[in-house]
Each structure stands twice: as structure tokens, then as C-alpha cells.
Amino acid sequence: MRPPRANGYRTAWAGDLRRENVGETPRVAGWVHRRRDHGGLIFIDLRDRSGLLQLVFHPESAPQAHEAAGRLRAEDVITVSGELVDREQGAVNPNIPTGEVELSVSELEILADAQTPPFEIAEEKGDVGEDTRLRYRYLDLRRTQMQRNIELRHRVAQAIRAYMNERDFLEIETPMLTRSTPEGARDFIVPSRLQPGSWYALPQSPQLFKELLMMSGFERYYQIVRCFRDEDLRADRQPEFTQLDVELSFVDEEDVYELVDGLMRDLLALVDIEIELPLERLTYDDVLLRYGSDRPDRRLGREIHDLGELFADSEFQVFRGALESGGVVRGFKTHGEFPRRRVDELTERAKRMGAKGLVWAEVEGDVWRSPIAKFLKPEEMQRVSSALGASEGDYIFIVADAPEIAARVLGDLRPAVADEPPTGTDLFWVVDFPMFDWNEDERRWDAMHHPFTAPSGDLDADPGSWRSRGYDIVMNGLEIGGGSIRINRPDVQQKVFDAIGLDAAEARERFGFLLEALEYGAPPLGGIAFGLDRIAALLAGQDSIREVIAFPKTASGAELLTGAPAPVDEIQLRELGLRAQKKS
């Protein structure tokens with residue numbers, strides 16, 4: 001770190017002092033990390049943002065400082081000065097950068113006393129519940145790992161800005177208070193005091209505004225932006241989150257791929273991970289067939305194979321019946337121990353996901369140990385084992401069902417049968433999505449990405465045949481970004497609205513400003529948005545995005561530190577023309 005401006009509290013960062021500084025008399029400040037009394041000498045580990053430095057207090061040379069040090073407790077805030085000296089031989093700590101030196105303290109000033117914290121700050125892996133950590137987040141953030149996580153997040157943001165600025169992008173802010181245009185998740189809505197009965201919405205994404213910026217002639221835009229979704233929360237979702245938002249004019253997919261490939265190379269380099277470019281591109285249909293998911297973790301292996309042709313003439317009624325009814329027979333092989341209890345649990349899991357059952361087999365030479373072995377010919381078992389690359393001791397899992405069910409179930413089982421977490425880094429594009437999903441409940445099409453994505457194919461044909469010019473980027477089984485080439489013609493935009501059941505009048509009511517802007521000439525445009533929280537968590541090696549967000553919410557959307565959400569004063573509600581009503 002750059003040396004701080006010298007003042008009455010510090011002249012140096014504690015964690016930056018090294019052997020070359022021995023003989024100097026720096027002043028450092030921070031928190032008491034640990035205290036050790038060795039029956040005369042008192043040792044204090046001082047912590048500031050830069051790291052740890054050992055302080056030593058001698059009763060003979062600095063009696064007042066030594067006496068005061070005897071009263072110090074963990075998390076007291078202090079400033080000290082003294083001579084930096086070499087540690088005694090055998091006392092060197094190779095685990096910290098300052099481990100060869102210590103500060104022999106001559107002066108100590110206690111700046112603030114600390115109560116005993118509800119958990120040990122110095123214990124990085126202490127058994128502390130997440131609710132406690134979030135309730136005392138300002139203490140949790142003092143932990144070394146959390147400091148590293150937040151610093152890494154900062155470096156990610158700075159690397160993004162450097163990369164985009166070098167490529168002539170402009171960082172432009174878009175509104176936080178805008179019009180509600182619900183698509184997908186629910187909006188957070190904000191009442192207007194000055195226009196009673198009207199409401200703002202917090203943005204789920206700057207999507208429409210960034211398209212308008214392209215129509216305004218800025219051509220290259222980015223923003224690290226806060227977004228909001230009032231959706232039913234899952235364990236690793238947040239009602240407010242941060243994304244990197246990017247949009248470009250006069251581009252096609254190749255321009256976006258090349259831009260993002262280079263950005264991901266730079267971001268992964270922050271944690272010393274090298275990747276080969278260009279990133280691999282797989283079609284949506286291909287990843288569903290091979291991995292059962294459009295965001296697979298390919299590090300797991302266990303690629304799914306279509307076994308229909310191998311069982312086309314099978315006498316096993318379950319397989320033949322599935323194939324004759326338009327279904328599929330698919331499976332994968334894996335290693336591991338699968339006692340009967342575990343197989344039963346996997347079978348029940350498959351049934352909960354809609355499958356009629358789960359076929360399992362252990363390869364024993366040229367045949368299988370399996371409940372269905374007696375229904376199959378030896379050559380059938382051999383052909384399947386060969387197709388899957390299965391050998392002695394491997395297990396095979398097969399689902400015979402409708403294509404979407406087989407994909408969903410086998411995609412879920414791939415990680416479920418793993419005994420060890422995967423290692424390494426896998427990053428690739430998923431492209432060529434269908435334009436729409438069929439919404440069975442509402443009997444209509446839903447846009448797979450969003451209704452502003454450009455379609456491809458015959459737009460006069462069945463919308464179910466249209467393809468999307470959308471793309472996602474997947475890292476280690478998680479979608480970290482998604483985008484598309486956008487629609488830049490009002491007639492095409494209306495065709496998409498028609499396909500999802502949004503007539504011209506309703507489209508004009510919701511998106512009139514966008515449709516009007518399209519009529520004034522829009523360039524070919526495209527872009528992408530990344531989950532910055534997710535990228536930072538992956539780079540930090542953390543399972544949860546809460547570990548890289550300074551003040552996150554719980555899985556239920558509560559902020560335990562401040563007590564939000566909370567009731568507001570009745571006067572505030574009256575000013576807005578609102579009244580609180582309890583749920584019955």
C-alpha cells in the first residue's frame with residue numbers, strides 16, 4: 001500500500017513494515033488482534049487494513065507503555081510508536097509478511113476501549129452462526145478473510161473500469177427511480193408524495209435505458225449498477241445486487257464475445273488464473289443434451305449420452321415404451337460407492353423431479369449388476385458400457401422419459417452423485433437459445449431472455465420455431481452473465497410483443513417511449529450484463545455472494561444489522577396517502 005500521510009496516529013501501515021525498515025521508529029495504529037503475556041514481556045498483534053504487526057512491550061525500557069498494555073483487550077483501538085527490530089531467532093513467523101520484525105513499543109495511547117465481541121475476530125473459522133455474523137457485520141468485516149474479499153471485489157471493479165475505459169466505453173448512470181414495467185420478477189415500488197396514487201419502481205436492470213443510450217448515439221456504454229428484484233428469495237439471492245451492464249452499437253455477437261473474452265481473462269488474472277481464448281461456445285441444445293442444464297458444471301465430467309439407438313430393439317418394455325411414445329433413454333457413468341440406501345435416495349430424488357424412476361447398474365466385466373440386467377441381452381449391456389466409456393466398478397444411471405424430464409433429472413443427478421467437489425476453472429459460452437419458453441399455466445409464450453432480444457428464423461412461422469440471438473456465459477456451473485443482440489426495428493419488436501400476447505395498445509402503454517425511440521432510427525445494438533457479486537465470490541473462492549457483499553441481506557431479505565425492513569411512522573404514511581394494513 002502507498003504510505004499514509006503522516007499524522008499523530010500513524011506514519012506507516014502496520015502490515016507494510018519489513019526487515020529493510022529495521023532501525024526506523026514508525027508510529028502505527030489499529031486494533032488489538034491478540035494479546036499474549038509472557039510473564040514480563042507483553043506481545044500484541046496489531047491489526048490494520050494492511051495486515052498484522054507484532055508489538056512487544058518491555059517493562060524496563062517503557063514501564064508506562066508496558067503497564068497500559070497489561071490492560072488491553074481484543075479490539076481495543078490503539079496507536080503506538082517505537083523502534084522496529086528483528087525478531088529473535090526462532091521467533092520468526094513465516095505465515096505473515098511482517099513475520100521477521102516486531103515493534104519495540106516506547107509509547108502507547110489507547111484511542112478507544114472495546115467491549116468483549118460476541119465472537120472471536122481473530123478466529124477466521126470460528127463456529128459463528130450467519131445470523132450473528134450479519135447482526136454484528138461491522139465486527140465480521142474486521143476478519144482477515146472478509147477484508148480480503150471486499151478488497152478483491154474493489155480490484156474487480158477497478159479492473160473492469162480500466163478495461164472498459166481503454167476501449168472507449170463511457171460510464172453513464174441510469175435512473176434509480178423509474179417506471180414499473182414488470183417482466184419476470186416483481187418490482188420494488190416506491191410511492192410518490194408529489195403525485196399521490198402514482199409509483200416509481202426500482203430498476204431490475206437498466207436494460208431499456210442502455211438501449212436508449214445507444215439510440216442517443218453514445219455507442220459504447222457501461223455501468224457498475226445496483227439493481228433490485230422483489231422475488232422469492234433463495235439461499236444465495238439478494239433483493240439488491242450489483243451488475244456490470246454493457247451495451248454497444250453497430251455490433252454482432254462476435255464483437256460481444258471478443259470483448260467479454262478479454263475482460264474475463266483480465267479478471268481471472270487478478271487471482272492468478274489463466275484461461276485460453278477464445279472461450280468455447282456450445283449451443284443451448286447441445287448443453288442440454290450433454291449435461292441436462294443450460295449452466296452445467298463441466299468439471300464434474302459425467303457427460304450424458306443419448307442411448308435411444310442402442311435400445312431401439314430392446315425387449316425391455318420400460319425403454320421401448322419410452323422411445324415409442326416420443327421419449328428418450330439417456331444416461332451417464334460415474335465412479336464412487338453406491339450402497340442400496342444411496343441408490344434409493346437418488347431414485348426418490350429423480351421421482352420428485354418428475355421421472356417415473358431411475359435405472360442403475362454396476363459394471364462387472366461384460367455385464368451389469370442391476371435390477372434390470374435380467375431383461376437385457378449381454379450385447380446390449382456391452383454396447384451401452386462401451387458408449388459411456390464405463391469399465392469395471394463404474395456405475396451407470398439411466399432415465400427413460402420425456403426429453404425435458406430426462407434432461408432435468410440427469411442434470412440434477414450429475415452433481416448429486418459426486419463424492420468430491422470439482423476443482424479448476426471452467427468458463428464457456430452458451431449460444432443459440434430458443435426465443436421462447438411455453439408457459440403451460442397461462443397458455444402463452446414467455447421470452448427466454450427478455451422481449452427486447454432479437455429473434456432469428458422465419459418470423460412468419462410458429463414462434464416456437466424462432467431462435468434467439470441471446471447468449472450466456474457460464475463459470476463453474478453458474479451463469480455469471482447474459483445478454484443478446486437487441487431488436488432495432490419497431491416492426492420486429494411488435495412481432496415479439498404479439499408472440500408473447502402483448503397487443504399494440506398494451507405495448508404502447510408499457511413501452512411507448514422505447515417504441516417511439518425505435519421509430520427515430522436505432523443502430524444494430526447488443527450487450528450483456530454480469531452478476532458482479534457472483535464473479536467476485538467465484539474469484540474469492542467463496543460459495544455465497546454474501547461473503548463478498550459488505551452489508552448483505554439474509555435469505556429472507558432481512559438486514560439484521562439495522563433491523564430492515566421495519567415499520568415507518570404513521571405521519572410518513574399519511575404524507576404518501578397510504579395506510580398500513582396487517583395481513584389477515
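Modeller: Helices are DSSP runs of H or I with at least four residues, and strands are runs of E with at least two, both numbered from the N terminus. The model is a predicted one, in which local features need pLDDT of at least 70 and side-chain atom pairs count only at pLDDT 80 or more, while totals for chains, interfaces and linings use all residues. Residues are numbered from 1 along each chain as its sequence is written, and side-chain values use heavy atoms, with hydrogens and water left out.

Biologist: Which residue with a positive phi follows α7?

Modeller: Most residues other than glycine have a negative phi, and most peptide bonds are trans. The residue that follows α7 has a positive phi near 75°, and it is glycine 292.

Biologist: Against which elements do the buried residues of α11 pack?

Modeller: Helix α11 covers residues 403-416 and reaches 20 Å from its first C-alpha to its last, close to the expected 20 Å, where the expected span is 1.5 Å times one less than the number of residues. Its buried residues include Ile405, Val409, Leu410 and Leu413. With contact meaning heavy atoms within 4.5 Å, the buried residues of α11 pack against α7, β13, α9 and β16.

Biologist: Which residue of β3 is the bridge partner of arginine 47?

Modeller: A closed barrel of five strands runs β1-β2-β3-β5-β4 with mixed pairing, where two strands pair if DSSP finds at least two bridges between them. Within it, β2 (residues 41-48) and β3 (residues 51-57) run antiparallel and are joined by seven bridges. For arginine 47, the bridge partner in β3 is leucine 52.

Biologist: How far does the backbone oxygen of leucine 141 lie from a polar atom of the side chain of glutamine 147?

Modeller: Glutamine 147 has its place in helix α4 (residues 144-166) and is partly exposed, with a relative accessible area of 31%. Leaving aside neighbours within four places in sequence, glutamine 147 is in contact with Arg49, Leu141 and Arg142. A polar contact is a pair of N or O atoms within 3.5 Å, one able to donate a hydrogen and the other to accept it within protein, and residues adjacent in sequence count only if both atoms are side-chain atoms. From the backbone oxygen of leucine 141 to a polar atom of the glutamine 147 side chain, the distance is 3.0 Å.

Biologist: Is arginine 302 buried or exposed?

Modeller: Arginine 302 has its place in the loop between α7 and β12, and its phi is near 50°, a positive value in a residue other than glycine. Aspartate 272, in the loop between α6 and β11, also has a positive phi, of about 60°, and is exposed at 74% relative accessible area. With a relative accessible area of 17%, arginine 302 is buried.

Biologist: What is omega for the peptide bond from alanine 564 to proline 565?

Modeller: Proline 565 has its place in the loop between α14 and α15. The peptide bond from alanine 564 to proline 565 is cis, with omega near -5°.

Key. Buried < 20%, exposed > 50% of the residue type's maximum accessible area, 1.4 Å probe, protein only.
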